[in-house]
4 protein chains.
Amino acid sequence: MGRTHSNGYNRIKNFFPELLYEPVLKAVCSRNADKVRAFADQWGYESVETDWKKLVARDDIDAVDICTPNDSHAEIAIAAAAKGKMILCEKPLSRTLDEGQKMVDAVEKAKVANTIWYNYRRVPAVTLAKQIIDSGKLGKIFHYRANFLQDWTISPELPQGGEGLWRLDVEAAGSGVTGDLLAHCIDTAMWLNGSIVDVSAVTETFIKERVHQLSGKVQKVGIDDACIFHCHFENGSLGLFESTRYARGHKALYTFEINGEHASIRWDLHDLNRIEYFDHRDESIVRGWRSILVTDGDQPYMKRWWVPGLSIGYEHSFVHQAADFLKSLETGEPCHPTFKDAMETQKVCAAVIDSATSRSWKNTNVKGKME
Amino acid sequence: MGRTHSNGYNRIKNFFPELLYEPVLKAVCSRNADKVRAFADQWGYESVETDWKKLVARDDIDAVDICTPNDSHAEIAIAAAAKGKMILCEKPLSRTLDEGQKMVDAVEKAKVANTIWYNYRRVPAVTLAKQIIDSGKLGKIFHYRANFLQDWTISPELPQGGEGLWRLDVEAAGSGVTGDLLAHCIDTAMWLNGSIVDVSAVTETFIKERVHQLSGKVQKVGIDDACIFHCHFENGSLGLFESTRYARGHKALYTFEINGEHASIRWDLHDLNRIEYFDHRDESIVRGWRSILVTDGDQPYMKRWWVPGLSIGYEHSFVHQAADFLKSLETGEPCHPTFKDAMETQKVCAAVIDSATSRSWKNTNVKGKME
Amino acid sequence: MGRTHSNGYNRIKNFFPELLYEPVLKAVCSRNADKVRAFADQWGYESVETDWKKLVARDDIDAVDICTPNDSHAEIAIAAAAKGKMILCEKPLSRTLDEGQKMVDAVEKAKVANTIWYNYRRVPAVTLAKQIIDSGKLGKIFHYRANFLQDWTISPELPQGGEGLWRLDVEAAGSGVTGDLLAHCIDTAMWLNGSIVDVSAVTETFIKERVHQLSGKVQKVGIDDACIFHCHFENGSLGLFESTRYARGHKALYTFEINGEHASIRWDLHDLNRIEYFDHRDESIVRGWRSILVTDGDQPYMKRWWVPGLSIGYEHSFVHQAADFLKSLETGEPCHPTFKDAMETQKVCAAVIDSATSRSWKNTNVKGKME
Amino acid sequence: MGRTHSNGYNRIKNFFPELLYEPVLKAVCSRNADKVRAFADQWGYESVETDWKKLVARDDIDAVDICTPNDSHAEIAIAAAAKGKMILCEKPLSRTLDEGQKMVDAVEKAKVANTIWYNYRRVPAVTLAKQIIDSGKLGKIFHYRANFLQDWTISPELPQGGEGLWRLDVEAAGSGVTGDLLAHCIDTAMWLNGSIVDVSAVTETFIKERVHQLSGKVQKVGIDDACIFHCHFENGSLGLFESTRYARGHKALYTFEINGEHASIRWDLHDLNRIEYFDHRDESIVRGWRSILVTDGDQPYMKRWWVPGLSIGYEHSFVHQAADFLKSLETGEPCHPTFKDAMETQKVCAAVIDSATSRSWKNTNVKGKME
């Protein structure tokens with residue numbers, strides 16, 4: 001993710017020239033000195049560090065962007081907050097509720113700007129969906145469903161743990177698809193459709209043992225390979241979520257659909273420049289699902305890019321979030337999702353895992369509306 | 001459904017001319033004398049009855065096709081079996097497990113040919129999916145998901161009960177979307193992917209009260225407007241099912257997808273002449289989801305119809321089941337799904353409703369493989 | 001085509017019960033006595049003939065349906081008209097303009113009801129497109145394009161001529177894809193968008209020689225394997241048409257699209273229950289192509305069939321034309337396209353072939369509006 | 001286009017770090033001093049010029065990228081070549097064959113590296129199509145068709161000429177959609193399918209007069225609003241091309257399809273990360289159009305970007321061409337399409353306009369294979 005974030009910063013000047021603040025890439029940090037030097041050269045960082053504690057201690061650093069595996073989010077974030085640094089942190093917030101709460105407490109105590117990279121909110125089509133929903137066009141909501149399907153861990157030969165594979169190691173990741181993929185779906189869902197109040201989940205670990213890349217030994221797999229849950233939203237609608245890394249044919253099939261009394265919206269990451277919209281109030285003979293190409297200048301973010309009809313990609317969502325973070329420094333308004341917002345997603349994830357383990361419904365204890 | 005079945009019988013001679021048996025439309029029965037007479041004229045029935053007991057008592061009737069609301073399936077079927085009639089019965093088998101078991105016992109005791117109109121099995125694309133799955137191309141199965149989404153009961157002004165609306169009356173229907181729509185999904189699922197062993201469900205009744213068309217009074221709505229469940233299949237795969245009549249924009253969106261180790265298949269009733277197939281073993285640079293148009297003569301049932309490329313519709317699945325039933329009389333083999341097969345679907349439906357009511361996982365007690 | 005027409009007649013009673021006239025299948029005629037007897041049994045014809053002249057001479061025959069290869073359309077139709085028979089004739093009307101004009105003259109002189117089976121007009125989605133266009137929603141028209149792509153003659157091993165293959169024999173067919181496939185496109189186009197005034201075409205015969213099934217000898221192929229033309233419509237719009245039997249992957253890809261000042265419509269035979277509609281006057285943020293599922297009771301013909309969401313197929317267009325023909329006998333209005341209408345399509349086809357041969361623009365001499 | 005090119009250069013270092021040469025943005029030139037200064041600040045140019053002749057005269061400039069309207073391509077390119085500058089020039093090469101030939105002569109005489117920004121070749125899916133075609137999988141080719149449909153000039157209120165609108169002014173642009181849009185289609189077509197030998201075209205100018213933005217007067221419109229042509233390729237296949245700015249609902253619908261004896265490929269700019277591929281040699285029951293998501297590391301250019309499943313956009317094709325140009329400086333191989341390659345496209349464009357004007361077939365005089 002270091003590449004996507006660095007790319008996000010590098011493009012601000014060209015596409016958001018009016019911003020008062022601009023990112024300066026002072027330093028990049030990683031344990032491998034050779035690799036981090038090469039990365040700094042490639043992406044334009046002024047200096048390198050191999051110990052994050054030194055980075056956090058530097059006076060010339062205003063903001064820290066945490067792209068490490070989940071098991072170091074809390075420690076780094078808490079230390080950075082203590083030094084008064086602004087923090088941008090990869091999702092999910094943390095491995096556990098306890099870690100997450102300490103992170104929220106740390107940034108709130110330090111009063112530092114903070115955001116979590118739930119980047120899909122800032123795909124223009126998703127932002128447009130938010131605008132349409134908030135306009136009330138859908139009426140009372142009955143259903144929300146989302147899934148995030150991948151197929152990259154089907155081979156039993158794939159090791160767990162270590163570089164590029166920490167997402168399969170429960171110690172490093174905290175959970176499997178729940179924290180990695182469903183967390184995205186939950187963040188979007190609560191942003192679009194309000195709080196999730198209770199959940200009933202099932203998880204599965206299809207491959208029970210894998211070689212661990214670091215130990216070289218066959219070890220029990222601790223993560224969830226797949227997770228399904230249904231839930232109630234506070235607004236009375238039913239939710240349905242599924243994620244897996246065992247859906248052959250799908251690389252990053254993140255889709256959601258919301259059904260209201262009058263209208264429905266759906267979106268698919270594989271076709272990210274579009275939303276589909278159905279409005280029952282259309283004249284009967286020409287009523288149908290509309291395939292809306294989101295490339296016009298009056299649609300969210302798109303006046304920044306190219307002429308109507310020309311598409312953008314995955315990476316642009318990170319540029320948008322970086323820009324919105326910088327803008328938030330001008331306005332003093334939070335750049336959502338903040339750590340606090342992301343904590344609500346953590347609560348749902350924790351309830352999901354708890355529900356799956358206990359084979360019972362669990363309350364999420366999410367209160368109020370996520371922004 | 002009387003129209004779809006009658007249509008099924010009427011077309012046999014033209015499209016399955018080699019069958020030894022052919023349907024003779026001796027009589028049609030309905031309580032309204034005028035309407036049943038008009039129906040008989042339109043569809044070519046030789047005579048009419050207004051009391052089903054008289055129909056069942058007639059010696060010139062070999063087979064009874066039950067298209068009544070669910071609350072009379074058991075009584076008619078048991079009486080017909082007792083008279084030694086063959087029985088074709090609309091789905092779902094029954095309102096309750098108890099009714100269903102009595103029906104199974106009745107046809108087994110009477111040794112009469114019987115089948116339940118889970119017609120979607122005989123959409124050629126679905127039959128082809130069965131062939132592909134049975135060929136082993138998919139490898140070990142990880143996921144099965146299906147949904148059946150409609151939007152016709154969103155208006156609170158819609159009454160419940162009575163003609164054309166008995167599906168909203170729990171007394172007549174037994175349940176809401178579970179028995180009406182999910183039963184189709186479950187039948188297909190267990191046919192394609194084996195038994196479902198346990199379920200965890202949620203149901204919702206969005207409109208709590210409606211005028212009853214017969215009483216004229218506002219009454220509590222007893223059916224499930226929406227139902228979601230996840231489950232385990234006996235083969236270790238996870239299942240996910242959703243049905244609702246509150247998904248604005250969907251009239252009859254029955255879709256399923258199955259993900260195996262090597263390959264995946266998906267199907268959509270709105271585009272019923274196609275299946276989509278992904279095979280990971282394809283050469284990398286030309287690997288993708290294949291959109292297979294099922295109109296060729298070497299694909300199931302299609303040599304009966306038109307030249308390649310030309311589509312058939314919903315109704316043809318009934319013609320196919322009627323033909324297969326007649327063929328089963330020649331061979332002496334059962335025409336699946338039989339009452340016994342359909343009883344397995346009932347068990348899952350009952351477990352689903354039970355799970356939703358008790359907010360807990362329920363075993364289905366389905367044993368062995370449905371055919 | 002004998003099957004599709006017979007099927008069309010057989011279904012009238014069930015789906016159009018209010019019609020005053022109903023088809024009675026008095027006789028079917030074909031040269032092979034055994035085959036025609038089997039066909040009669042299968043489809044319910046009361047008698048058979050092996051000489052069409054005897055059929056046409058019979059007093060108990062009111063209407064003659066001509067499903068023969070194109071080279072006998074004129075002779076049979078002229079004879080039938082002379083006997084005062086109503087005539088339903090497969091498309092294209094004729095092989096040549098001269099034949100066609102004689103046929104038109106014959107039915108007009110005899111004042112007999114007549115129609116040509118350009119069945120695609122009566123696919124409900126196409127009929128709906130006509131209604132939308134006639135409503136003026138599209139505004140001034142700029143473009144019309146259509147294609148009809150197949151892939152069944154790619155193999156050089158395929159013989160020409162004889163049973164099932166007369167479409168490859170220029171003597172029997174008159175032309176290749178122009179008369180067989182483009183004629184459909186032209187009929188629809190002039191019905192939807194008015195007259196075509198001039199054309200510039202190219203044709204190609206990819207396989208120059210094939211064994212003739214009847215002679216057993218390798219003979220020059222006389223038909224056009226592919227044909228492309230552009231044209232002007234009388235309303236000032238540009239037209240573009242393409243047809244081929246060498247487009248690998250397409251079985252019956254008949255599509256058309258019309259672009260107007262305000263709105264556009266497109267349709268695809270492979271997904272025949274839908275039209276797509278774009279209206280620029282939609283509110284900007286929810287503007288997009290609408291995918292309209294044509295299965296509702298208030299859409300053309302669909303109240304005859306099943307409940308909303310459930311699809312019909314190719315064959316139903318023939319049922320609709322048969323019904324409309326019968327209805328026309330009640331009202332005394334012509335059942336379009338009549339022989340006269342079809343003659344306009346012949347003029348365009350002839351101009352297309354002439355243009356391709358001469359490598360120059362040709363006027364079509366089509367006058368006025370086709371109905 | 002200055003933005004897309006500048007963006008292309010700026011991203012090289014991050015995504016093609018191994019290249020020996022890297023772009024240095026020495027200067028940007030435009031007539032308006034304020035605007036060019038702002039542009040330089042935004043995009044990182046070291047200096048500005050307001051007279052292109054001064055720019056071309058500077059010794060610190062190695063390469064000139066021409067993004068001006070078509071009427072100045074020739075003059076600038078010839079001057080730059082004379083100074084020994086490398087030249088990257090926006091398409092189309094020139095307004096006229098004469099201008100184009102002088103440009104080719106100039107760069108060949110000067111022996112300077114040169115390329116034309118027909119960027120769509122370097123959309124990864126299009127590059128993959130080229131690889132598949134060159135592998136021979138398609139067999140003998142029968143058909144090639146392409147279109148480029150837009151809808152931005154439908155309003156008669158839109159002026160012609162001047163800033164942002166020079167594409168409507170025949171003096172500045174040379175032609176309308178032919179040079180602007182069909183030139184892209186022709187470049188891709190001849191790269192994928194070989195030379196076009198003759199053409200038969202029609203053009204239309206739907207809005208005959210528009211206010212000219214510079215003169216303020218209503219003037220005759222000299223460009224083609226729409227153009228359709230069919231053609232023969234040297235390999236015997238038929239080609240069909242259409243372009244318009246009057247196709248309501250299409251912003252940048254550039255699609256192509258190629259049909260071979262064994263297999264077919266199609267692509268759509270609106271869904272640019274995919275190609276569709278049909279292979280008739282697939283096993284019959286699972287034969288269908290494959291929707292290939294081009295996001296894997298073993299597909300062209302994609303290892304540069306994100307993980308499989310994550311899409312890129314329009315702009316990336318320019319990054320790829322900039323990188324390939326720099327790579328060509330290392331290898332000494334030309335970066336196609338060169339001016340010479342682009343001259344072949346000009347010949348086809350000229351023949352198209354000539355054919356439309358004269359209402360007759362025209363030879364293109366294209367010789368040999370474009371690279």
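## A strand and its neighbours

Let's start in chain D, where strand β7(D) and strand β10 (residues 226-233) run antiparallel and are joined by 8 bridges. Strands here are DSSP runs (E, at least two residues), numbered from the N terminus, and two of them pair if DSSP finds at least two bridges between them. Within this pairing, D:Ala201 sits opposite D:Phe229 of β10(D). β7(D) also pairs with strand β16 (residues 362-363) of chain D, again in the antiparallel sense, over 2 bridges. There, D:Val199 has D:Lys362 as its bridge partner.

Why is β7(D) (residues 196-204) largely enclosed by the rest of the structure? Because 7 of its 9 residues are buried. Buried means under 20% relative accessible area, while exposed means over 50% and partly exposed is in between (1.4 Å probe, protein chains only).

## What kind of model this is

This is a predicted model: local features need pLDDT of at least 70, side-chain atom pairs count only at pLDDT 80 or more, and totals for chains, interfaces and linings use all residues. Residues are numbered from 1 along each chain as its sequence is written, chains are lettered from A and ligands numbered from 1 in the order in which they are written, and side-chain values use heavy atoms, with hydrogens and water left out.

## Rings that meet

Over all chains, the structure holds 104 aromatic pairs. One of them is C:Tyr144 with C:Phe233: the ring centres are 5.7 Å apart and the planes are at 55°, so the pair is tilted. This pair links distant parts of the chain, since C:Tyr144 is in strand β6 (residues 141-149) and C:Phe233 is in strand β10 (residues 226-233) of chain C, 89 residues apart. For the rule itself, rings of Phe, Tyr and Trp (its six-membered ring) pair if their centres lie within 6.5 Å; planes under 30 degrees apart count as stacked, over 60 as edge-to-face and the rest as tilted.

Are these two residues buried or exposed? C:Tyr144 counts as buried at 0% relative accessibility, and C:Phe233 counts as buried at 2%.

## Where chains A and D touch

In this interface, 34 residues of chain A are in contact (heavy atoms within 4.5 Å) with 34 residues of chain D. The rule finds 2 salt bridges across it, each a side-chain nitrogen of Lys or Arg within 4 Å of a carboxyl oxygen of Asp or Glu. D:Arg11 and A:Glu315 meet in a salt bridge through their side chains, at 2.3 Å from N to O.

Note on methods: Helices (H or I, at least four residues) and strands (E, at least two) are DSSP runs, numbered from the N terminus.
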